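Opening the notebook on this one. I'll jot down what I looked up, in the order I looked it up.

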Amino acid sequence: MPDQLANSYYRATANVWEPRPAFSGDESFDIAVIGGGFTGLSAALACAEKGLKVALFEAHSIGFGASGRNGGQLIPGLRWSMREIDEEFGRERAQAIYDLAYGAVERVKSRIAKDGIQCDLKAGHLEAAFKPDHYRAMQRDAEYLAKEFGWESEIVDPKDMGRHINGGGYHGGIYDRQGGHFHPLNYTLGLAKAALDAGVVIFEHSPVLKIAGNQACTANGIATAQSILLAADNWMGDLDRALGGYTVPIMNYNIATAPLPDADSLLPSDAAVADSRFVLNYFRLSADKRLIFGGGEKYVQSPPADIAAFVRKHVVDVFPSLAAAPIDYAWGGAVGVTMNRLPHMGRKGNVFFAHGFSGHGALVTTLAGELLAEAVTGTMERFDVFANLPQQPFPGGRLFARPLATLGLLWYALRDRL
């Protein structure tokens with residue numbers, strides 16, 4: 001895939017990072033982690049904090065994948081509402097899922113505080129209703145979440161939306177002060193620095209080409225480990241063809257405007273916003289008052305000829321006053337999506353894996369890494385809560401997964417427009 005991160009606002013404002021060498025030779029470790037994003041770095045760090053000898057292998061540079069490209073939105077929970085989870089799995093399992101998924105908020109905030117990660121962390125997330133019936137469903141879900149699980153959020157009446165956003169014509173929403181937003185690449189680099197301090201050996205530009213038993217094989221060497229943790233998300237299929245069939249990559253594109261003199265009038269509460277469309281718009285203000293906006297999806301991996309123009313039409317739908325606003329950065333990347341949009345985690349012998357966070361992973365991935373670390377040290381209870389979530393590979397294997405998923409996603413995109 002072309003490196004569409006090259007014109008990323010995040011790369012342009014990244015904290016200092018000293019590149020790590022590539023792997024060569026033959027070495028032995030307790031744990032080999034494959035993937036230098038939120039999940040892999042969190043897992044490596046947690047394993048090192050347990051006293052294990054850990055190596056992390058990143059095929060490109062730290063934060064190259066979705067962890068360094070995403071919208072930076074910290075949205076509590078999973079893609080399913082707790083009402084849906086409760087109805088599907090029953091209260092006992094739902095409570096365990098709730099404890100982990102919503103507890104991930106505090107895990108990320110605690111990690112940021114503990115390791116002094118400078119990543120522009122801000123409080124507040126707003127889910128904006130694209131249609132009146134979306135708002136009614138949001139109300140029901142928020143009230144259920146508060147009554148049954150004790151998670152409080154604010155139901156925002158349509159007439160009060162101006163306290164959070166001036167634009168979009170939204171029909172009300174849910175404001176969650178425990179959610180928020182951050183600079184995702186700087187969070188990734190912060191995790192990497194904390195991992196180095198904890199004793200993790202990080203290798204960049206070191207793609208693992210094959211896993212053979214307890215060996216991770218690169219072009220220039222072999223790493224032997226008691227356990228191997230796969231956190232490669234969209235590249236999982238390169239390491240395990242069967243696992244690759246559980247997700248399809250959906251391309252997302254983002255822009256960052258020039259700093260806006262009227263930024264605070266657009267988003268007065270400085271909350272991150274995601275709307276309720278299936279093919280959603282999501283946006284927030286950066287620390288230097290740029291609008292960072294993601295809009296639209298593509299179901300082929302080739303990028304638009306002009307990413308800025310592709311996203312701008314979605315920006316203008318929400319904020320018409322920005323029709324001529326300068327766009328300084330435009331970039332894209334892939335999100336690994338499962339069939340049911342719940343994460344896919346599990347174990348195959350000495351190999352543990354976590355992927356498929358389906359665009360809802362900025363919080364849960366840190367938790368997933370910590371659960372991987374618990375699992376490799378023999379504590380499976382919390383890991384199994386997620387590992388036991390139902391998952392099926394896409395029909396037809398990797399060859400047909402994309403066109404079949406594309407048809408389904410296009411149908412939902414059409415429903416958004418109707």
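I started with Asp 86, which sits in helix H3 (residues 82-89). Helices here are DSSP runs of H or I with at least four residues, strands are E runs of at least two, and both are numbered from the N terminus. Before going on, I noted that this is a predicted model, where local features need pLDDT of at least 70, side-chain atom pairs count only at pLDDT 80 or more, and totals for chains, interfaces and linings use all residues. Residues are numbered from 1 along each chain as its sequence is written, and side-chain values use heavy atoms, with hydrogens and water left out.

Is Asp 86 buried or exposed? Asp 86 is buried, at a relative accessible area of 9% (buried is under 20%, exposed over 50%, partly exposed in between, with a 1.4 Å probe and protein chains only). Leaving out residues up to four places away in sequence, I found Asp 86 touching Arg 91, Ala 94, Tyr 144 and Phe 149 (contact means heavy atoms within 4.5 Å).

Next I checked Glu 370 in helix H11 (residues 364-376). Glu 370 is buried too, with a relative accessible area of 9%.

**H4 against H5**

I then looked at helix H4 (residues 91-114) and helix H5 (residues 132-149), whose axes come within 12 Å and cross at roughly 105°. The axes are lines fitted to C-alpha atoms over the stretch in contact, with angles from 0 to 180 degrees between N-to-C directions. H4 and H5 are therefore roughly perpendicular to each other (65 to 115 degrees; under 35 is roughly parallel, over 145 roughly antiparallel, the rest oblique). On the H4 side I listed Arg 91, Ala 94, Gln 95, Tyr 98 and Tyr 102, and on the H5 side Tyr 144, Leu 145, Glu 148 and Phe 149.

**Strand E4**

Five of the seven residues of E4 (residues 122-128) are buried. E4 runs antiparallel to strand E6 (residues 173-181), joined by six bridges, and Ala 128 stands opposite Gly 173. With strand E12 (residues 272-275) the pairing is parallel, over four bridges (pairing takes at least two DSSP bridges). There I found Glu 127 bridged to Ala 274.

**Whole chain**

Last, I noted 13 helices and 17 strands in the chain. Buried residues make up 57% of the 418 residues. The C-alpha atoms fill a box of roughly 60 × 50 × 45 Å along the principal axes.
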